[in-house]
Amino acid sequence: MGNSNTKRSDDYSSHSRRKKSKEFIDQRINYGSLVTHGIYTAQPEYDIDVVREFILKKKLSPFYKGMEDYSDNPFPSSATSTPDNLTIPSTQPYEPTLSIASSTENNDDTGSQCSKTRVSRKGSLDSSRRRSRHSSFSSMKNRRGSYKSDVDDASTSSSPITPDSHQNSLKVEPEHPLYSKEEFFKYPIECPICFLYYPRNINYTRCCDQPICTECFIQIKRTFQNPEPTCCPYCVQSNFGVTYLSPDSEEYYEQYNILVKSKEEHDPEYEKLLSQGSTPGKKRKNSISYTDPHIVSTDDIYPGWMLKYEQHQREQQRLEAMRVRNFNVQVNNNAALALLDAFFQLPIENQNSHSHSRSHPHSHSHSNTNSSSNRQHRNHTLQTFGNDLEELMLLEAIRRSLADENNNNNNNQSEEQGNLNAIEESNEVVVLNDDEHDNTSNISIRNELEEATEHIINLNLSSSNEDHTTVENTIDNATTTTSATNNNNNNNNTSTQ
Amino acid sequence: MALPKRIIKETERLMAEPTPGISAVPHEDNLRYFDVEISGPDSSPYEGGKFKLELFLPEEYPMSPPKVRFLTKIYHPNIDKLGRICLDILKDKWSPAHQIRTVLLSIQVLLSDPNPDDPLANDVAQEWKTNKEQAIATAKEWTQKYAK
Ligand SMILES: [Zn+2]
Ligand SMILES: [Zn+2]
């Protein structure tokens, strides 16, 4: 029942993956890429194609292989990155940036200009230069569409360059014209969710301006258990979403420089600047609305979620209806049987609550062969009391069959109910995953509870060889431990993986 | 399956900068399973007690909360007789920004500040509401008896 539903959604997602994955070719974007690095092992539910689209549109940070340890300069470049055979006038304006932006597409004469910019950028921290930089940035952006002619212009207008410096520079920065790899990864930032270090162009939460890497961001999702809009992991504001500042933007470049400068000059303001979230130097005052077009929200990257949820709900309703129907059928059957019993006027002892409903057919046939005088007597009584009695008997039969039902299921029912309450009230079973949730019968939920408890206990037993139930002053786990031993093999498999 | 860096770092930080009154030590053969000990907070009925818990980080951690349970018997309206804890951040209020440390701190706070209006152990909660003095006396008694 539940499995069929799960299967269906699996088919759905694998289908869409198959359909789209053919077209996928990874791309390098700002020294990152379009593929995750496997921090999370669960089957992804986000729409990876949508995520990639956002990365390509520079609305999400690309995927980077997070660095395990902090280093000021994780990718120190070779000495060739700042060739000293270049003479750059100290007043060099930012025009070269223009040609550098296109340098990766043109092998002629542009490499050394990369170096040139880098050198000149080092001197760019005085404000007048930064200002001039701004204007060239926007013009560069505007003219990106027509690289070729720009490059030609630039290369003809700039001074001749030696071929080997050109080669070296290209090796240093094949992908990113504005920053060398060294510059790009300098002073990385820690993602507070996965504890790995990333280049500074990380995503920031729209609400409280805290960093989060893309791999962590896409893991945060609505669940069938909690279908409400997702919350920010840091400030718990609803409608979680992030902003991203592309390193190609002027604004990013400006902030990069502020930070690098304060860091390298041992500015005591550095920590303060760092704590200013996405916009060091001018702290963002307000949260950005989740409807803002620059925001990427959870719902954006889980586009089919609501449909899946509705499907899930319909399935739940169908199962619930089926359960109610089964119950009613059973009650009706029981009532009919009880009514027949009453008709046949079985001795009252045979009708007490110990007789299981399934045994009725036997007693029925037994009584059938028993006596025909009973039947006559019954008819007589019925005629005497008329319809009132019939109604009374029906009510009594229903009442009795319900009582019977209760008796039969008494132990299971109350235990299951207790466990259900326990699930709701305790942390032991934290999140039933989709498959488990789909199993809506009480019994399977009860098993789930035991498994969760067993899991802990089992690990405990297998790892310490110490039975907690025998340790004084510890909680009596007799019931759960028993079932833990029963399922020992299963659980060992899962726990040792 | 390799242990995620986050779990390794959390463990290292727990060891390097222990929180007063809280210890969490991973099992050598299962680094997702921790033996935890929380000291009963001062001026609470649990003062002087040392409470053992078990903590397990499921595969989905930190996207799913850790599973935590008291092993030491404790008389508390939000902890049932199986040691299960009623604490919102262990359920629907979980956030991946929480850590092992913050979870254990929250449990410590729960010991200082029981919440009988959101009970897990109904009988205890009832006692806590109707006869607080007696409830606290029982909690102290259990602490003496089981948590030494
Ligand atoms: Zn992360
Ligand atoms: Zn926030």
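This is a predicted model: local features need pLDDT of at least 70, side-chain atom pairs count only at pLDDT 80 or more; totals for chains, interfaces and linings use all residues.
Visitor: Which residues hold the zinc ion (ligand 2)?

Guide: The protein donors are the SG atoms of Cys207(A), Cys208(A), Cys232(A) and Cys235(A), which lie 2.3 Å from the zinc ion (ligand 2). In sequence, these donor residues follow the spacing C-C-x23-C-x2-C. The pair Cys208(A) and Cys235(A), 27 residues apart, links distant parts of the chain. Cys208(A) sits in the loop between strand E3 (203-205) and strand E4 (211-212) of chain A, and Cys235(A) in the loop between helix H9 (214-217) and strand E5 (241-243).

Visitor: What is the geometry of the site of the zinc ion (ligand 2)?

Guide: Ideal angles for four tetrahedral donors are 109.5 degrees. Here the angles among the four donor atoms run from 99 to 126°, and the site is tetrahedral. Four donors count as tetrahedral if all angles lie between 85 and 135 degrees.

Visitor: Is Cys86(B) buried or exposed?

Guide: Buried means under 20% relative accessible area. Cys86(B) has 5%, so Cys86(B) is buried. This residue lies in the loop between strand E4 (67-70) and helix H2 (100-112) of chain B. An unreviewed UniProt entry places the feature "active site" at Cys86(B).

Visitor: Where is Ala336(A) found?

Guide: Ala336(A) is in helix H13 (residues 305-344) of chain A. Its C-alpha atom is separated by 9.4 Å from that of Ser401(A), 65 residues apart along the chain.

Technical notes. Residues are numbered from 1 along each chain as its sequence is written. Chains are lettered from A and ligands numbered from 1 in the order in which they are written. Side-chain values use heavy atoms; hydrogens and water are left out. Donors are N, O and S atoms within 2.8 Å of the metal (3.2 Å for Na, K and Ca); water is not among the atoms, so sites may look incomplete. Four donors count as tetrahedral if all angles lie between 85 and 135 degrees; four count as square planar and six as octahedral if opposite donors are over 155 degrees apart and all others between 65 and 115; anything else is irregular. Helices (H or I, at least four residues) and strands (E, at least two) are DSSP runs, numbered from the N terminus. UniProt positions are given in the numbering used here, feature names are shortened, and annotations may be inferred rather than shown by experiment. Buried means under 20% relative accessible area, exposed over 50%, partly exposed in between (1.4 Å probe, protein chains only).
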